[in-house]
Structure formats: structure tokens, C-alpha cells
Amino acid sequence: MEGKYDFGLVGLGVMGRNFILNVADNGFTAFGNDLDTEKVDALIAEGGDTNKVNASTDAKVFVDALSAPRKIMLLVPAGKIVDAVIESLLPLLDKDDIIIDGGNSFFTDTDLREAYLQEKGIHFFGAGVSGGAKGARLGPSIMPGGNREAYQHVKPIFEAVSAKYRGEPCVAYLGPKSAGNYVKMVHNGIEYGLMQLTSEIYDLLKKAGDFSNEELSALFSKWNEGRLQSFLVEITSKILTQKDDLTEGHLVDQILDKAKQKGTGKWTSQNAMDLGIPVPSIDIAVSMREISALKAERVRADMLYDRPETKKQDKVELEKWAEEALYFSFIITYAQGLHQLADASNEYGYELDIAIIAKIWRAGCIIRAALLADITEAFQKDRSLPNLLLSPTFVEKVQGTVGSARKLASLAATNGVPLPGITNSLTYFDAYTATRLPLNLIQAQRDYFGSHTYERLDREGIFHTEWEK
């Protein structure tokens, strides 16, 4: 082992190994660490030149191999493992060394770890990494937050390895404390919403339009050439034509309809509730994964209840409605997630710039989409924009597509096809754009049974009525 390495990484699973090789490809030397000898050997073999890429199972050898201040990234599962790795490294580190958590840690855990390590003279920050294993190797979107000065030491490496959108790196310092982990959490919440919407459109087109997998693949491929261009639409097109190795049909038709989750979508939904920010398109996406897990109960219930016979629709008309409804609902889902980020920034002191966040999501990450260029522009024009729906840029886009969302929602309800993501997006839009909602009655009810008081339209003040005089 010659000289000192620029960058260290703990956790040499597929993501970690790919990320460290990406670092080496971009002109930096990198040293890995993992307790698994096979993973260490695999990295060394794939890295080739050990002066560029090396690894060890020994934590002391690993730490001693790094140049000061040491820049150590953790790509290990969120939770207690992160704390265990930190404790194993602490005795070996020097003042001003840097630990970066690249996993999906809950944001409050990051705040606690930063405060704990700050007392020991060690810098700590969370950096969300999105793009999956392929993104880690070829260029992810990276969302760092924490100590601004400490980030400067890592900035050249992160900018080099990140995805590029028209030459611009998809990484930026986002804010203090757990800003990076928080932004990645909401990114994943939006991801849940977009995936749910895409699956609903797929389902409705199959049931109401009798589209074959080949036709659906061609349709999603065509959409990916237009305003719906996005990673999720692109991979949907590819998934639909994947043949099954074990049968003569398509693989997608043999996959069990039980979706799993790692928690980031649920965290987004729960925290939005804490903040008082409505994100129903994300909420229902989480709920649908939970409903999907009830497979045995769903099968029993299906035998107990009648369902309307799905009437076949004209394919050309249905295709038009589906494209417009999906575009409308994508906009609404992004609007909800970005609204949550704006409010969380004020609540937690993150100092987030929504335009910069949208910029670094334009390439590399799972929710990358052509739409993000327009979103970036909208927030650049108005940095204090509270909700995307208030942007003049988006009024025309929404006005031109909401009608199809209404038609699809009606069609689905009439035919007994669940379309909760689309309908929740539509309900959110109708409520958010309503001058008056029936919550006046709820306030009257609350005052009736609990003397909770109410406000009036015609005068200032807090009022209470003795309803049963």
C-alpha cells in the first residue's frame, strides 16, 4: 500500500462497491472496509490497480490508509448498524475527520449523531444517495447536508462522481443539520407516489382497454419521448416486455402483487402529518403497499363481494386520458413533496432552496423526469413559492390535463378498478383550489360537543355558542 487514499467507504455491498469504483474512475484514490472478506476481495479484484482502489477488513488499516482530514462514507443499513460502525471508528479518528452517512437514516437520528460527534471533534453529515446500484456506479444524485465547511473537503469528489445534467453535477450542499437526509426522505416519498400512479395507469389500461403487455410497453416508451419522460416511465416500458425464464409468458404477470417497503415513504407521510402539510398522493401510496400485503384477506374478500363488470373503452381515447391524467398526477405529487420540504425548512432551520433541490434531481435519481426542469424554473422565478400549483408556469399544464384525471377517476369508480393515487391527487387539487370548504360545519360540530370555539367570516375574534340553550 503506497501513499494515502483520498476517500474511504465502509460497507462494500453492491451500492458501496459501485460507489467506490465510481470515485476511482473519476481520478480519486479510494479505500474500502467491510467485515466480509469476500466483499473486500471482490472490490480489490474489480478495482485492479491497488494504488487507486484498495480495501481491508481491518478498521485500523482502513483508517490509517486515508489522508487527513479523513473522509469516510458509510453505506450500511440505517439504524443501529450506523451507530455500531461509528463507535468502531471513533477511537481511530483524529480531530476534524469527517464521517458521511450515505444511507437512508431517519433525519432525527442524523441530528443526534451530529451533536454527539461534534463534542468529540468529528464532523458528521448525512448525504442521501439516489440512483440505485447502477446510479452509484455511473452517477447518482447526491443530497448532502450538515457542516458547510466540512462539506468543502468532500465537494470535489461528490461533484465528480454525481450524475450530470447538461454538464451540471447533480449534487449541492443543501443545508445544515439533517437537511440531506430529510430531502432524501421526501424524495423517496415522492418516489412512492409516482410508482403508485404508474401502476394504476398500467392496471386501468389492461382492464378497461384490453392493452397487451407489448402494447403497454410501446405506449410507455412513446410517453417517455414526451412530457412524461422519466426514469420510472422508461423502466416500466422495459419491465413489460421482459420474458419469464420459468414460464412462456411475461415476468411481470408472475410477480406476486405484494409490495414491500423500507420505511422512507412512511416516514415522509408521518412527518408531513406532524408538520400539518397534506400529502395525500404519498399517503395513499404507502397505504396501498400496506393493503397489498393483505393478500390472503384480499382473496377472501374478493369472493364475498360483487364487482362491476369492466366495460371496454376505446383504446385511442383511453390512451389520451391516461397520459394526461398521469401527467396531472405527477405534477400534484411533486407539488405535495416540495410543499413539505418548504415547510420543513422553516420548521427545522434547513435553509433549503427548492430550486436547487429540483435541479439536482434532474438526473441520476429515481424520480428524475423532464418535469423537473420546469419545476426548477418555477422556483427560480419565485424562491418563496409555497406550492407549485401557485406557479403561473404550471397553471396551463394543470388546466390542460385535470379534465382527463376526472374522466379516469369516474371510469375507474364505475368499473370497480381502484385508482387511489389518481383520485387522491384530484381531490387534493379540488380542495387546494377551493375558496370555501365545508370545514365550517366541522368547526360548528367541534364547538357543539366540545366548546372548542370557532372563527367567523364577517368579523375578527374567537367565538363560542351555547348550542342547547
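Me: Which helix gives the most to the lining of the largest pocket?

Reply: The model discussed here is predicted. Four helices, H8 (179-209), H10 (231-239), H12 (280-292) and H13 (295-304), each supply at least two residues of the lining of the largest pocket. With ten residues, the one that gives the most is H8.

Me: What is the volume of the largest pocket, and which residues are the closest to its centre?

Reply: The volume of the largest pocket is about 1800 Å³. Its lining comprises 41 residues. Those closest to the centre are Ser199, Tyr202, Asp203, Asp257 and Lys258.

Me: Which element supplies the largest share of the lining of the second largest pocket?

Reply: The second largest pocket holds about 1100 Å³ of space, and 43 residues line it. Met15, Val76, Pro77, Asn104 and Lys262 lie nearest its centre. Elements that each supply at least two lining residues include helix H1 (14-25), strand E6 (123-130) and helix H11 (264-275). The largest share, six residues, comes from H8.

Me: How many nonpolar, polar and charged residues are in the lining of the second largest pocket?

Reply: Gly is counted among the polar residues in this classification. By class, the lining of the second largest pocket has 20 nonpolar, 16 polar and seven charged residues.

Me: How many helices and strands are in the protein chain, and what is its radius of gyration?

Reply: The protein chain contains 20 helices and nine strands. For its 469 residues the globule rule gives 23 Å, and the value for the chain is close to that, so the chain is as compact as a globular protein of that length. The radius of gyration is 25 Å.

Me: What percentage of the residues in the protein chain is buried?

Reply: A residue is called buried when its relative accessible area is under 20%. Of the 469 residues in the protein chain, the buried ones make up 50%.

Technical notes
Residues numbered from 1 in each chain as written. Predicted model: local features only at pLDDT ≥ 70, side-chain atom pairs only at ≥ 80, totals over all residues. Heavy atoms only, no water. 1 Å grid on protein atoms, 1.4 Å probe; cavity = no way out; pocket = protein on both sides within 12 Å on 5 of 7 lines; lining within 4 Å. Points joined across faces, edges and corners; volume = space filled by probe spheres on them. Rg over C-alpha atoms; globule rule 2.2 N^0.38 Å. Buried < 20%, exposed > 50% of the residue type's maximum accessible area, 1.4 Å probe, protein only.
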